[in-house]
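Work through the exercises below with the sequence and the model side by side. Try each task before reading its solution.

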Amino acid sequence: MKPTQDKYPLFESNQVLTSHHLNQIFDYLDEQERLTRANLIGIGIECGLEVHPETEGNEKRIRITKGCGISSAGYLIVEPEDVTLVSYQKYILPTEAGGNIVQYPLWEMFPAGQPNTHPLGLDKDFLLDKAVILFLELKKEGLRNCSPNNCDDKGDMITATIRRLLIRQDDLAK
C-alpha cells in the first residue's frame with residue numbers, strides 16, 4: 001500500500017474550519033493508520049479466522065472462528081465470535097467498487113435463517129473447488145434529513161460490512 005496523502009492542514013486559533021479541512025485531516029490520519037497496519041504489521045490473517053468445513057448428514061456447514069485480519073487496503077477485519085454458515089446466494093460487487101474491477105463469480109454465505117438463500121449441501125460438489133474470503137464492503141450513503149430547524153444529518157455516512165464469500169480457487173489465483 002502506497003501513501004496518497006502527502007499534506008494535511010495545520011489549524012490556527014480562531015480559524016473557521018470547513019468540511020474540506022476536517023475531511024482532509026481525517027483522510028490523512030485514516031490513511032496513516034491503514035498504512036501502519038498494511039506495511040508494518042502486514043496484510044492477511046493476524047489471529048483466528050480458521051475455516052472448518054463440517055458435515056452432518058446431508059447438511060454442510062462452514063464454521064469460521066473468531067479472529068482478526070488486515071485487508072490489502074489496511075482495514076481491520078474482525079469476526080467477533082465463531083460463526084456457522086449454512087446457506088449462500090450469488091454476490092455482485094457494489095458499483096462503488098470501481099469501473100476496472102473484474103467481477104469473478106462470488107457467493108455470499110449466511111448463518112441459518114437468511115431468506116432467499118440456497119443450503120450449502122444442496123449440490124454435493126458445490127464447495128469442492130471453492131475458497132473462503134472475507135471482503136470488506138464500504139458503502140457511502142447520503143444523509144439528507146435536513147429540516148429548516150436542524151441540519152445535523154447533513155453529509156454522508158460510510159457503512160463497513162464484512163462479507164463472507166466463496167470464490168473458485170482458479171479465480172482466486174487471478
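**Exercise 1. What share of the 174 residues in the protein is buried?**

Solution. This is a predicted model: local features need pLDDT of at least 70, side-chain atom pairs count only at pLDDT 80 or more, and totals for chains, interfaces and linings use all residues. Residues are numbered from 1 along each chain as its sequence is written, and side-chain values use heavy atoms, with hydrogens and water left out.

Step 1. Apply it: buried residues make up 28% of the 174 residues.

**Exercise 2. Which element gives the most to the lining of the largest pocket?**

Step 1. Define the pocket: on a 1 Å grid over the protein atoms alone, it is an open set of points where a 1.4 Å probe fits, with protein on both sides within 12 Å along at least five of seven lines; lining residues have an atom within 4 Å of a point.
Step 2. Take the volume, the space filled by probe spheres set on the points: about 900 Å³.
Step 3. List the centre. Of 34 lining residues, Ser-72, Ile-133, Leu-134, Phe-135 and Leu-136 are the closest to it.
Step 4. Name the top contributor: β10, with seven residues.
Step 5. Sort the lining: 25 nonpolar, five polar and four charged. Ala, Val, Leu, Ile, Met, Phe, Trp, Tyr, Cys and Pro count as nonpolar, Asp, Glu, Lys and Arg as charged, and the others, Gly among them, as polar.

**Exercise 3. Characterise the second largest pocket.**

Step 1. Its volume is about 580 Å³.
Step 2. Among its 19 lining residues, Phe-26, Asp-27, Asp-30, Tyr-75 and Ile-158 are the closest to the centre.
Step 3. Helix α1 (19-41) gives the most to this lining, six residues.
Step 4. The lining divides into seven nonpolar, four polar and eight charged residues.

**Exercise 4. How many aromatic pairs does the structure hold?**

Step 1. Count: four. Rings of Phe, Tyr and Trp (its six-membered ring) pair if their centres lie within 6.5 Å; planes under 30 degrees apart count as stacked, over 60 as edge-to-face and the rest as tilted.
Step 2. Classify Tyr-8 and Tyr-28. Their centres are 4.5 Å apart and their planes at 35 degrees, so the pair is tilted. Tyr-8 precedes α1, Tyr-28 is in α1, and they are 20 residues apart.
Step 3. Classify Tyr-91 and Phe-135: edge-to-face, at 6.2 Å and 65 degrees.
Step 4. Note the cluster: ring pairs link Tyr-88, Trp-107 and Phe-126.

Definitions and conventions. Helix = DSSP H or I, 4+ residues; strand = E, 2+ residues; numbered from the N terminus. Buried < 20%, exposed > 50% of the residue type's maximum accessible area, 1.4 Å probe, protein only.
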